[in-house]
Amino acid sequence: MVGRMPGNPHHGVIVGIDLGTTNSLVAVCDERGPRTIDDERGEALLPSVVRYEDDGAGSLRTVVGRDAADYAIDHPLTTVSSVKRLMGRSADDAAGDLPYLAYRVAPGERGTARVLLPIGDRQVTLSPEEVSAAILRELKDRATRALGEEVRRAVVTVPAYFDDAQRQATRHAGRLAGLEVVRIVNEPTAAALAYGIGVTGAPREETVVVYDLGGGTFDVSVLRITPAQREGETAFFETLSTAGDTRLGGDDADHALVTLFASEVRAMLGLPAEGGASLDAFPPATRRALLAFARDVKHRLSDADHASVEIAVNERDVYRRTVTRAEYESMIRPLVDRTLDCCRRALRDARLDRAAIDAIILVGGATRTPLVRAAVADFFAREPYTALDPDRVVALGAAVQAAILRGDRQGTLLLDVIPLSLGVETVGGAAAKLIMRNSAVPARAVERFSTSVDAQTSILLRIVQGEREMAADCRTLGEFHLRGIPPMPAGVPQLEVEFLVDANGVLTVRAVERRSGRRASLQVVPNHGLSADEVERMERESLAHARDDMTRHRIVDLVANSRLDLKWIGERLERHRAELDPAYAASLDRHAASLRSLVDAADADWRSVDPNTLHAAKEALDRESVRLQEVAIAASLRSDTP
Ligand code: ADP
Ligand code: MG
């Protein structure tokens with residue numbers, strides 16, 4: 001969908017591009033806020049890999065992205081990856097990177113790094129800008145197809161430490177791809193913009209740490225964001241310090257796993273473990289398989305406790321291996337510790353204490369690793385922002401910057417209050433609101449819930465936004481499970497749910513079951529993907545349905561509570577019937593039956609039941625059951641069974 005075109009309509013859309021070392025993405029920001037643009041296969045991430053081939057007519061043909069990345073091992077000399085490391089640098093500067101690149105690099109004009117490729121019987125020389133341009137062109141074409149209009153302008157992100165030559169090279173790559181690079185933005189700044197920091201016009205200064213663990217590089221930046229002084233101006237982003245390691249990233253975890261698998265495969269085949277576990281002895285297809293397996297295991301271990309691989313090494317032997325999360329974490333712990341050393345350095349250079357940091361933003365696919373999240377949370381004694389997909393957040397922020405440059409700030413909801421109420425779905429589908437519409441940020445609320453079914457060991461929490469009384473009529477922001485609760489009778493577990501909206505509008509929901517201590521949490525940005533029009537529509541609808549909705553909410557809650565009462569009373573009645581006066585027992589039966597028939601009717605059609613009648617029937621049964629409760633309590637005191 002194409003956004004409105006204020007400002008100069010001749011210029012059209014501006015996209016945001018994250019031109020990454022490992023992966024690149026393109027995003028736009030329209031009235032629904034920023035979103036990344038997928039390719040035809042539904043993939044947002046384009047591997048920053050280009051393979052060059054002879055097209056048979058003496059010209060070069062490029063294969064960009066997934067196909068080039070998957071078969072890089074088979075074409076080591078003609079596949080260019082990580083070209084971002086060469087952008088705007090001399091061959092001398094890049095010398096340290098060369099051992100890690102399979103293709104050839106040599107000095108060109110004025111010593112600048114050039115890529116040398118053997119194509120057929122020719123030697124082709126390319127500048128890093130030309131290779132980057134192939135990636136940018138792919139993204140430009142993708143956006144053009146998706147938006148239905150020629151994309152000519154882009155905001156492109158670069159690392160905060162990029163010098164002028166590297167930034168110029170990035171602009172030049174854009175030009176070669178037919179894109180006017182209207183602004184170069186630092187990656188950490190983009191990440192902050194994606195979270196609305198410096199966009200929402202709040203009158204406070206913020207200090208933010210951006211922790212970016214990508215495929216091959218780690219960068220940490222400390223930013224100070226000073227809000228705009230006047231309407232229409234944008235916030236001022238200052239980089240207080242940067243630190244990092246250009247040889248540290250998710251790829252290192254892949255290599256650690258590959259080394260493990262390779263050495264075990266060698267041992268299994270009775271091969272000598274020469275030089276650790278050099279992969280060179282394996283044919284390309286085996287190396288490719290090992291790498292693919294390693295990456296797959298790594299990704300699965302971000303969600304699961306263990307992951308298994310099965311590799312047919314030859315016709316007879318199958319290598320089977322299960323890697324537990326604990327084992328994997330002990331392998332990567334040193335890598336994570338190195339990132340924390342960089343964080344320490346960045347804070348020192350910024351002359352700041354950990355306590356001075358207002359928010360930590362996680363960026364880069366490798367920050368999906370639970371150990372990384374936990375280590376960062378531990379280091380800063382604060383939960384980092386994870387609500388936005390860490391491998392998209394930079395591209396999303398570039399798109400926000402693009403929208404700001406077009407003078408179109410519609411895409412981000414500029415509100416310092418919570419525009420729509422926030423709550424959870426309860427039994428029966430009602431929406432229990434914890435934070436009401438128009439509350440100022442930051443805001444916090446806690447509410448207690450319980451279960452409605454016996455021996456429920458997992459509780460699903462669905463977070464909803466909106467003014468309607470039923471969750472189905474609200475917007476779902478996300479859901480998560482609180483698992484591992486020991487079996488208890490319905491109503492006994494004590495579920496405490498906390499909603500916390502911080503000054504940047506990021507919502508953290510924490511749930512804890514008090515008796516077992518089990519906890520789980522979720523983080524979302526409630527205003528993401530929400531347009532001002534939509535807020536208005538949801539308000540209008542809530543007014544139109546207010547009366548019906550309220551009745552329904554009341555009935556749903558009454559039904560849920562009546563069911564718990566009926567169950568409790570039914571069980572006690574069966575157990576103690578013999579001890580009761582038969583006339584009293586019969587009266588309880590009658591009251592229970594009439595409540596049950598109302599509950600069943602309400603379940604079939606909530607409109608068929610008057611809530612006051614239902615309420616009265618429930619109250620009547622509760623009153624009538626007082627004596628039964630006394631009998632049950634007396635019995636439990638005697639026997640220990642409640
Ligand atoms: P870059 O900024 O260098 O282009 P990305 O931010 O795209 O890189 O990060 C790529 C890295 O993230 C790769 O090493 C990839 O394996 C890793 N990664 C992606 N998804 C996951 C996941 N679910 N768990 C762990 N690592 C992941
Ligand atoms: Mg990146």
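Colleague: Let's start with Ser 82: buried or exposed?
Modeller: Ser 82 is buried, as its relative accessible area is 17%. Buried means under 20%, exposed over 50% and partly exposed in between, with a 1.4 Å probe and protein chains only.

Colleague: Before we go on, what sort of model am I looking at?
Modeller: It is a predicted model, where local features need pLDDT of at least 70 and side-chain atom pairs count only at pLDDT 80 or more, while totals for chains, interfaces and linings use all residues. Residues are numbered from 1 along each chain as its sequence is written, chains are lettered from A and ligands numbered from 1 in the order in which they are written, and side-chain values use heavy atoms, leaving out hydrogens and water.

Colleague: Good to know. Where does Ser 82 sit?
Modeller: Look in the loop between strand S7 (79–81) and strand S8 (104–107). Strands (E, at least two residues) and helices (H or I, at least four) are DSSP runs, numbered from the N terminus.

Colleague: And what is the phi of Ser 82?
Modeller: Phi is near 50° there, which is positive in a residue other than glycine. Most residues other than glycine have a negative phi. Asn 438 has a positive phi too, near 70°.

Colleague: Oh, where is Asn 438?
Modeller: You'll find Asn 438 in the loop between S20 and S21. It counts as partly exposed because its relative accessible area is 48%.

Colleague: Which peptide bond is cis?
Modeller: The one from Val 441 to Pro 442, with omega near -5°. Most peptide bonds are trans. Pro 442 lies in the loop between strand S20 (431–435) and strand S21 (443–449).

Colleague: Switching topic: which residues come nearest to ligand 1?
Modeller: Thr 22, Asn 23, Lys 298, His 299 and Ser 302, out of 16 residues around the ligand. A residue counts as near if one of its heavy atoms lies within 4 Å.

Colleague: What polar atoms face it?
Modeller: A backbone N or O atom of Thr 22 is 2.8 Å from an oxygen of ligand 1, and a polar side-chain atom of Ser 302 is 2.7 Å from a ligand nitrogen. A polar backbone atom of Ala 366 lies 3.1 Å from an oxygen of ligand 1.

Colleague: How much of the ligand does the protein bury?
Modeller: The protein buries 89% of the 580 Å² that ligand 1 exposes when taken alone. Those areas come from the Shrake-Rupley method with a 1.4 Å probe.

Colleague: Which elements give two or more residues to that shell?
Modeller: H5 and helix H6 (284–300) do.

Colleague: What about Gly 20: buried or exposed?
Modeller: Gly 20 counts as buried, since its relative accessibility is 9%. Its place is the loop between strand S1 (14–19) and strand S2 (23–30). From Gly 20 to His 545 there are 525 residues in sequence and 48 Å in space, C-alpha to C-alpha.

Colleague: Last one: which side chain does Asn 186 contact?
Modeller: The side chain of Asn 186 makes a polar contact with that of Arg 167, at 3.0 Å. A polar contact is a pair of N or O atoms within 3.5 Å; within protein, one must be able to donate a hydrogen and the other to accept it, and residues adjacent in sequence count only if both atoms are side-chain atoms. Asn 186 belongs to strand S12 (residues 180–186) and is buried, at 16% relative accessible area.

Colleague: And what does Arg 572 contact?
Modeller: The side chain of Arg 572 makes a polar contact with the Glu 571 side chain at 3.4 Å. Arg 572 is in helix H11 (residues 546–576), and it is buried because its relative accessible area is 11%.
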